[in-house]
Amino acid sequence: MPSMNAVLFISFLLFSVGVAGVLIRRNVLIILMCVELMLNAANLNLVAFARHSGTVNGQAFALLVMGLAAAEVSIGLALVVALYRKKDTIQVDQINLLKG
Amino acid sequence: MDPLLASIGQYLFHAFGLLAVAGALALVFSKNAIHSICGFLLAMLAVAGCFLTLSAEFLAVAQLLVYAGGIVVLFLFVVMLVEMTKYKEKGLFQIQAPYAIAVVLAGAVVVISVFWRTLFGPATAKALTLSPSLGQGLDVANQNAQAVSRGIFAQYLLPFEILSVILLVALVGAVVLAKTERV
């Protein structure tokens with residue numbers, strides 16, 4: 001059984017790579033995938049703490065988070081497709097309609 | 001648990017975790033979007049392996065089905081749908097990338113220095129339990145899927161129902177957003 005600190009360390013590495021990806025990439029699709037990565041890191045933490053506390057609550061919540069992530073990615077990809085039809089680009093630095 | 005798996009489970013977890021981080025790095029730093037999706041797929045498969053070593057078997061299978069089976073294919077569809085070669089010369093990263101990486105590294109140093117000193121005690125090898133009213137007639141330690149289903153359908157029924165409404169809203173919203181203009 002892996003120790004708690006190892007799980008937290010791996011999960012934190014995944015989360016920070018996801019944050020870095022959201023902050024530095026121009027491509028909307030990569031940004032969406034990085035958001036999924038962060039949700040997965042949170043799931044890993046939930047499962048680890050479920051193991052640590054010896055209850056199944058964390059696993060049930062990880063399952064709920066997984067369903068929420070699927071809903072979120074479907075909405076996000078629909079937005080990307082609509083945006084590509086309208087603006088002909090999916091680079092976030094060119095989507096600046098609010099800037100005027 | 002199998003004694004062999006109990007003895008090598010720690011090393012398996014480290015291997016899967018490093019694989020997941022490698023996939024995440026490939027996702028962020030590769031030029032081609034298809035390569036990014038391959039890194040994403042690797043990370044998701046490795047996280048499923050991590051779930052297995054944490055003895056969450058049902059979640060591992062659900063992770064394989066939902067992420068590797070559904071979401072990766074969805075991303076592949078959209079990458080094929082939009083044409084990204086037009087903007088290749090604009091560069092991969094935003095102009096604030098060095099600052100962003102510096103901030104993330106600083107945050108990483110702070111958080112790691114905090115839980116480097118925090119010990120969560122030895123790894124618990126005790127089996128999962130449910131509350132006695134929920135877990136009756138069930139070998140909770142060895143029947144993971146049944147235990148999770150009792151947790152989700154009995155103990156957390158309201159969040160589950162709310163999630164179903166959210167999924168319905170997402171379904172309708174995705175259809176409305178993605179359909180063409182003529183009504």
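Leaving aside neighbours within four places in sequence, which residues is A:Val7 in contact with? I looked this up in a predicted model, where local features need pLDDT of at least 70, side-chain atom pairs count only at pLDDT 80 or more, and totals for chains, interfaces and linings use all residues. Residues are numbered from 1 along each chain as its sequence is written, while chains are lettered from A and ligands numbered from 1 in the order in which they are written.

**A:Val7.** I found contacts with A:Pro2, A:Leu44 and A:Ala48 (contact: C-beta atoms, placed from the backbone, within 7 Å). A:Val7 sits in helix H1 (residues 4-24) of chain A (helices are DSSP runs of H or I, at least four residues, numbered from the N terminus). I noted 25 other C-beta atoms within 10 Å, so A:Val7 is buried (20 or more within 10 Å). I also checked A:Phe49, 42 residues along the chain from A:Val7; their C-alpha atoms are separated by 9.5 Å.

**Chain B against chain A.** I counted 71 residues of chain B in contact with 62 residues of chain A. H1(B) gives the largest share of the chain B side, twelve residues. By class, that side has 55 nonpolar, 14 polar and two charged residues (nonpolar: Ala, Val, Leu, Ile, Met, Phe, Trp, Tyr, Cys and Pro; charged: Asp, Glu, Lys and Arg; polar: the others, Gly among them).

**H2(B) and H3(B).** Their axes, lines fitted to C-alpha atoms over the stretch in contact, come within 8 Å and cross at roughly 175°. The two helices are therefore roughly antiparallel (angles over 145 degrees, taken between N-to-C directions from 0 to 180 degrees). I sorted their contact into 20 nonpolar, one polar and one charged residues.

Technical notes:
Contact = placed C-beta atoms within 7 Å. Parallel < 35°, antiparallel > 145°, perpendicular 65-115°, else oblique. Buried ≥ 20, exposed ≤ 12 C-beta atoms within 10 Å, placed from the backbone.
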